[in-house]
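Please open the model in your viewer and keep the selection panel at hand. The stops below proceed from one selection to the next.

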Amino acid sequence: MSVKPLRADSAERRRKPTLCPSSRCAEGAILLGVVGSDAQVQFLNQPVRIDAEFVDIAHQGRRPEKRFRFSSPCATNACRHWTGSRCGVIDEVFDSVPETHRIETRPRCAIREQCRWHRQEGDAACGACPLVITDLMVDG
Amino acid sequence: MGYEKGTGSLFVADLGGFKLPAELEREVAGKIQATVMRALATVDFRGDIVRRFPGDSKIKFPDHTLGIWVEPEIPR
């Protein structure tokens, strides 16, 4: 299993694409954090790209998108959540998560400058982001 | 599975003043990181089960998927 720390200076970041902060567990995705027992995401100090071995192991348990948060390039029109001009997920999150539950301090986040939700909503997105669990489907 | 907020795991092998050769040092660091990632891939704090906000039931996306959904992939 290879681990590639993600580091980039600001110029490199500007060249990078907008990232979806709630993506799938797939090889090459960035592991952002782990969903804790309190249902809040604990972000890793240093996000890492996951490889095929991580994906394989993670899929041996419950769906990884219930347990982790991943990031990958925003798919815009190719994603069903794209409204034509923005990501509809963060709007749904704001409707779902009461303001009283949102986080006041911005979590450490290595993708903020490239984050789709942050580009749409600014720091308000960061208050709700740790409360987002990608897959909320109840286990059958 | 235990979970303590704000205290992340940190693994240290303190060799004092001794420094491994650079190539060996990189190899060991890679192995440690790979081991940690393999362990991390297995964790499940089941936080999704306790998370239930009143607004959750109003989420209109199929299967309550709050993540990327690129067809022909389906959310599950």
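Predicted model: local features only at pLDDT ≥ 70, side-chain atom pairs only at ≥ 80, totals over all residues.

Leaving out residues up to four places away in sequence, H81(A) touches R86(A), C87(A), G88(A) and V89(A), together with F61(B), T65(B), G67(B), I68(B) and W69(B). H81(A) is located in the loop between strand 4 and helix 4 of chain A. Its relative accessible area is 3%, under the 20% limit, and H81(A) is therefore buried.

Next, select V89(A). When neighbours within four places in sequence are set aside, V89(A) is in contact with H81(A) and W117(A), and also with F61(B) and L66(B). V89(A) also belongs to the largest nonpolar core, a set of 27 residues. Show V89(A) with I90(A), V93(A), I111(A), W117(A) and L66(B), which are the residues with the most contacts inside that core. Strand 2 (30–35), strand 3 (41–49), helix 4 (88–96) and helix 6 (123–128) of chain A each give two or more residues to this core. Which element gives the most to this core? Helix 4 of chain A does, with four residues. Another core, of 17 residues, lies apart from this one; V34(A), V48(A), F70(A) and V43(B) are among its members.

R86(A) and D91(A) form a salt bridge in which the closest N and O atoms are 2.8 Å apart. Both partners are partly exposed, R86(A) at 24% relative accessibility and D91(A) at 27%. Elsewhere, salt bridges with shared partners link R24(A), R63(A), E65(A), K66(A) and D135(A) in one network.

Over all chains, the structure holds 13 salt bridges.

Now colour the two chains separately and examine the contact between chain A and chain B. The rule finds three salt bridges across this interface. For one salt bridge that joins the chains, select E53(A) and R38(B), whose side chains meet at 3.4 Å, N to O. E53(A) lies in helix 2 (residues 52–58) of chain A and R38(B) in helix 1 (residues 22–40) of chain B, so this pair joins two chains. E53(A) is partly exposed, with a relative accessible area of 28%, and R38(B) is partly exposed as well, at 31%. Then select R62(A) and D48(B), which form a salt bridge with the closest N and O atoms 2.6 Å apart. In general, side chains of opposite charge can pair when their charged atoms come close.

Widen the view to the whole interface. How many residues does the contact take from each chain? It takes 53 residues from chain A and 41 residues from chain B. The area buried between chain A and chain B is about 4100 Å², and carbon and sulfur atoms give 60% of it. The rule also finds 11 residue pairs in polar contact across the interface. On the side of chain A that touches chain B, the elements giving two or more residues include strand 1 (19–23), helix 3 (64–67) and strand 4 (68–73). Helix 4 of chain A supplies the largest share of that side, six residues. By type, the residues of that side divide into 29 nonpolar, 12 polar and 12 charged.

From chain B, select G47(B), which has its place in helix 2 (residues 47–50) of that chain. At 1% relative accessibility, G47(B) counts as buried. Not counting residues up to four places away in sequence, G47(B) touches V35(A), G36(A), S37(A), A39(A) and I133(A).

To finish, display chain A as a cartoon. Chain A contains six helices and four strands, and their pattern along the sequence is α-β-β-β-α-α-β-α-α-α. Of the 140 residues in chain A, 51% are buried. Among contacts in chain A between residues at least 6 apart in sequence, 73% join residues at least 24 apart.

How values were computed:
Residues numbered from 1 in each chain as written. Chains lettered and ligands numbered in written order. Heavy atoms only, no water. Salt bridge = Lys/Arg side-chain N within 4 Å of Asp/Glu carboxyl O. Buried < 20%, exposed > 50% of the residue type's maximum accessible area, 1.4 Å probe, protein only. Core = buried A, V, L, I, M, F, W, Y, C linked by side-chain atoms within 4.5 Å. Contact = heavy atoms within 4.5 Å. Buried area = accessible area lost by both parts, 1.4 Å probe. Polar contact = N/O pair within 3.5 Å; in protein donor to acceptor, adjacent residues only side chain to side chain. Nonpolar A, V, L, I, M, F, W, Y, C, P; charged D, E, K, R; others polar.
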